[in-house]
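Reader: I am new to this structure. Please show it, and then I will ask how its terms are applied.

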Amino acid sequence: MTIRPSDLSYRKLRAEDDLSTLDFTQKNGTDPAGLQEFISKEALEYQQERLGITHVFFYGSGPVAFATVSMGDIPVDRMQASEKVALAEDITSYPCLLIGRLGVHKPFRDRNVGRRICDWTVTTARRYSLEIGCRYVMVRAVKDSVGFYQKCHFECNPANLSKDKVWMYRRVI
Amino acid sequence: MLPEPIPVLKGKDAQEFLKYDSRPLSRKELKALEKAEENYRQMKQID
């Protein structure tokens, strides 16, 4: 069953939250992005040190997903040539909102939760961009996630597709 | 609310504009941004 945007609510991670019982591993049980380890042991410290703020997404009263975001920049040479801004030709990277981690609890996969979170990051970045320069949302996607981000309108330089992690980006303005 | 599409310039104005230009967003991209905004508004932030 597809999850509608109005079915979801969100807030920042709190010390009392325990997401360690949720399953963020891949279908085959592997965890190439380290999501399980991160949300169980590191997310709160990252938040306290302002390395990344984790937002927890709820379906009803239960947490079903999380996204950790921070400021970032994406090197121009990791993007397609058409993304270059003539005005800023001496700039080697463009400002972005970085999705450091994005995890959806296994029973809620393929129900559009991840896409809703991508919409959330894009609109958050658009709003921040009025106050702080921000042109893209960016993620370094593991191979298995590239297709998902493409469905969410993220692009990449095809030359980077063979790498273990692919720089993917979506314009927000 | 998304900004209005940039008007098409011609001649000298267009050359001057292109000097500073970047790729304009496609209709598909603009529509996806509108949809993202709409979905965002429906999600509830808990304090």
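Author: A:V122 lies in helix α2 of chain A, where helices are DSSP runs of H or I with at least four residues, strands are runs of E with at least two, and both are numbered from the N terminus. This is a predicted model: local features need pLDDT of at least 70, side-chain atom pairs count only at pLDDT 80 or more, and totals for chains, interfaces and linings use all residues. Residues are numbered from 1 along each chain as its sequence is written, while chains are lettered from A and ligands numbered from 1 in the order in which they are written.

Reader: Why is A:V122 called buried?

Author: A residue is buried if 20 or more other C-beta atoms, placed from the backbone, lie within 10 Å of its own, exposed if 12 or fewer, and partly exposed in between. A:V122 has 26 within 10 Å, so A:V122 is buried.

Reader: Which residues does A:V122 touch, not counting residues up to four places away in sequence?

Author: Contact means that the C-beta atoms, placed from the backbone, lie within 7 Å. A:V122 touches A:V137, A:R170 and A:V172, and also B:L33 and B:A36 of chain B.

Reader: How many residues does the contact take from chain A and from chain B?

Author: Chain A gives 18 residues and chain B gives 18 residues. On the side of chain A that touches chain B, α2(A) supplies the largest share, five residues.

Reader: What joins β1(A) to strand β1 of chain B?

Author: Strands pair if DSSP finds at least two bridges between them. Two bridges join β1(A) to β1 (residues 44–45) of chain B, and the strands run parallel. A:S9 stands opposite B:K44 in β1(B).

Terms used: Contact = placed C-beta atoms within 7 Å.
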